Amino acid sequence: MKVSKGKGPVRKEKKEVLKPVVEDRKVGKRKAAIEADKSRRKLAKNAKLGKKDPNKPKRPASAFFVFLEEFRTIYKQEHPNVKAVSAVGKAGGEKWKSMSHAEKAPYESKAAKRKSEYEKLMKAYNNKEEDTDDEEEEVAEKSKPIVKDDEEEESGEDFYWIISSLATAPWIA
């Protein structure tokens with residue numbers, strides 16, 4: 001047996017290396033190709049969601065955020081040197097956790113009031129959306145041409161004539 005310095009006895013046995021089962025991994029795909037596929041899916045998902053309506057009312061703040069609005073001003077007065085937003089959030093969270101239910105009650109009532117106002121605004125917004133959808137449907141119906149059965153046969157003949165004239169046109173090579 002060889003003696004090596006500082007490494008202890010040399011083992012000739014090799015440890016078994018656990019390799020992932022072929023079924024578990026994607027065979028034949030490069031890492032870059034997988035990442036590109038993920039980004040394509042993300043873009044497609046964002047496109048499906050559509051654009052947000054700027055006229056839609058914002059959701060109301062929860063009781064904690066109503067509390068945090070007031071706490072933020074107090075905290076900044078007491079600690080003018082602290083500029084980090086995270087420090088204010090952590091301190092506010094700790095204070096909120098330590099508050100009793102009775103101390104949280106005014107903030108919860110303000111949040112409930114804001115929520116009821118938001119629900120009223122949303123009802124008005126949804127009614128307005130339905131009205132505009134109805135108007136768009138009426139405009140679409142008015143703009144549709146009325147076609148009779150006799151005219152449909154003629155339009156088929158016109159289509160044939162247009163195609164045949166395009167085939168003989170001098171500008172198409």
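Helices are DSSP runs of at least four residues, numbered from the N terminus. Asn126 is found in one of them, helix H4. The model described here is predicted.

The protein chain holds 5 helices and 0 strands. Read from the N terminus, its elements follow the order α-α-α-α-α. The chain has 173 residues, and buried residues make up 11% of them.

Helix H4 covers residues 101–143. Several of the features below involve this helix.

Salt bridges come next. A search of the whole structure finds 2 of them. One joins Arg114 and Glu69, with the closest N and O atoms 3.2 Å apart. Arg114 lies in helix H4 and Glu69 in helix H2, so this pair ties together parts that are 45 residues apart in sequence. Arg114 counts as partly exposed, at 33% relative accessibility. Glu69 is partly exposed too, with a relative accessible area of 37%.

Another salt bridge joins Lys110 and Glu70. Here the closest N and O atoms are 2.8 Å apart. Lys110 lies in helix H4 and Glu70 in helix H2, so the pair ties together parts that are 40 residues apart in sequence. Lys110 is partly exposed, with a relative accessible area of 37%. Glu70 is also partly exposed, at 32% relative accessibility.

Lys104 presents another case. This residue is found in helix H4. Lys104 is buried, yet it has no salt bridge. The nearest side chain of opposite charge belongs to Glu108 and is 6.0 Å away. A salt bridge requires a side-chain nitrogen of Lys or Arg within 4 Å of a carboxyl oxygen of Asp or Glu. Neighbours within four places in sequence can be set aside. Lys104 is then in contact with Trp96 and Met99.

Charge also gathers on the surface. Lys52, Lys56, Arg59 and Lys115 form a positive patch there. Arg59 is found in the loop between helix H1 (31–49) and helix H2 (63–78). Its relative accessible area is 73%, so Arg59 is exposed. Membership of a patch calls for over 30% relative accessible area and no salt bridge.

A patch of negative charge also lies on the surface. Its members are Glu129, Glu130, Asp131, Asp133, Asp134, Glu135 and Glu137. Glu137 lies in helix H4. With a relative accessible area of 49%, Glu137 is partly exposed. Exposed residues have over 50%.

Asn126 and Lys56 are 70 residues apart in sequence. In space, the two are 9.0 Å apart, C-alpha to C-alpha. Lys56 is one of the residues in the positive surface patch.

Notes: Residues are numbered from 1 along each chain as its sequence is written. This is a predicted model: local features need pLDDT of at least 70, side-chain atom pairs count only at pLDDT 80 or more; totals for chains, interfaces and linings use all residues. Side-chain values use heavy atoms; hydrogens and water are left out. Patches are made of residues with over 30% relative accessible area and no salt bridge: like charges are joined within 9 Å, nonpolar side chains (Val, Leu, Ile, Met, Phe, Trp, Tyr) within 5 Å. Accessible areas come from the Shrake-Rupley method with a 1.4 Å probe; for residues, only the protein chains shown count as cover. Lys and Arg count as positive and Asp and Glu as negative; His and the chain ends are not counted. The place of a charge is taken as NZ of Lys, CZ of Arg, CG of Asp or CD of Glu. Helices (H or I, at least four residues) and strands (E, at least two) are DSSP runs, numbered from the N terminus. Buried means under 20% relative accessible area, exposed over 50%, partly exposed in between (1.4 Å probe, protein chains only). Contact means heavy atoms within 4.5 Å.
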